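Here are my notes for someone opening this entry for the first time. Please keep the view at hand while reading.

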Amino acid sequence: MLRRQPLARQVLQGPERPRRQRRLGRPVRRLVLRQPLHRREGSGLLQGLRGPGLESRRLQPQSLGHLQPVSVVLSGIQCTYRIGDRPAVSIESLELTAGPVGLVGVNGAGKSTLLRTLAGARRPQAGSVTLGGEELYHRHRRTVVQQIGYMPQEIQFPAELRVTQVLAYVCWLRGIPSRTAKARTAGAIEAVGLTDRAGQLTGQLSGGMRRRLALAAALVSEPRLLLLDEPTTGLDPEQRAGVRAIISNLDQECLTVMSSHVMEDVASVTARIVVLHEGSVIYHGDTPAFVEERGGPGRSAEHAFLSTIAGS
Ligand SMILES: Nc1ncnc2c1ncn2[C@@H]1O[C@H](COP(=O)(O)OP(=O)(O)OP(=O)(O)O)[C@@H](O)[C@H]1O
């Protein structure tokens, strides 16, 4: 029978964890940030980023030389919550290629359901999802799932864990060696502007800070597919701009799918846009062309979105 342990201890030292992994988890709790990220080497995807202080530098392409551009292909997807209900998402065919993609739609359009499905967190009732040609819902899908970073819309962290501990735990879950994990954790914290909160308990963070921590958790594994569900919701204007800067500075080899209600955010950082309506894709194409063709005299992204929905 399992002994009861404090939650943080349970999270960091899961009782069923094999001994070798337990050893990997141990330094995590002693993690100390000694050196700023920009003086470290090998920080990969996060290299060159600065936090939402808007000092972000564009990533050098060579920093991601080991990664190949990734594409996601959805085929015959049907996602239904209850038998007999209309599918929350129904997509005959959709291919997303590397670079930032905006996912927009009204409340209930199916954005979160689609992102959960792409994250490998919700198996569709029908159809297939492939990432780089590999089936996401295959029985042996661990290597595929490990290439994905997902920031869900609803975020909860154990209140008694510190910011660094949360990210170290994510690194551990992803099998990132502890030496690399330290640099990755520091880099992710710096990228989202939480350096001065690194040692703080997550229960003491504001809602916006928790969202930034969730973004850091999605970034820390240096994913090839980054899924962000409403990443700018609840952030102040400066932080929103910071998140946009992070997304536009990610290497173009990474496929980033970002959902948002704020068309301005989507239009300013994405090269392509997917409009979802009642679970179906009603537009998929270049963002600038979308705004140019449908944005009315003011070339407004908001207008383009509303006219597309109205015409469907
Ligand atoms: N857990 C659930 N059980 C039953 N139905 C659900 C569940 N989650 C979502 N739905 C339904 O699926 C549809 C799509 O919901 P989803 O949350 O994916 O939309 P969304 O576009 O992300 O909406 P929002 O912009 O409000 O977050 C909606 O009709 C919703 O009521």
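**Notes on the model**

1. Start with one pair of residues. Thr130 stands opposite Glu135, a residue of β5. Bear in mind that the model is predicted.

2. Strand β4 covers residues 126-131. Two bridges join β4 to β5, and the two strands run antiparallel.

3. Which strands form the open sheet, and in what order? Four strands make up the sheet, ordered β2-β1-β4-β5. Their pairing is antiparallel. The edge strands are β2, residues 89-97, and β5, residues 134-135. Each of these edge strands pairs on one side only.

4. Now the ligand. Which residues are around the ligand? They are Tyr81, Ala88, Gly105, Asn107, Gly108, Ala109, Gly110, Lys111, Ser112, Thr113 and Gln153. By class, the shell holds three nonpolar residues, seven polar ones and one charged one.

5. Some of these names tie back to point 4.

6. Last, the whole protein. How many helices and strands are there? The protein has 11 helices and 10 strands. Its length is 312 residues, of which 45% count as buried. Take the contacts between residues at least 6 apart in sequence: 71% of them join residues at least 24 apart.

Terms used
Residues numbered from 1 in each chain as written. Predicted model: local features only at pLDDT ≥ 70, side-chain atom pairs only at ≥ 80, totals over all residues. Near = placed C-beta within 6 Å. Nonpolar A, V, L, I, M, F, W, Y, C, P; charged D, E, K, R; others polar. Buried ≥ 20, exposed ≤ 12 C-beta atoms within 10 Å, placed from the backbone. Contact = placed C-beta atoms within 7 Å. Pairing = 2+ DSSP bridges.
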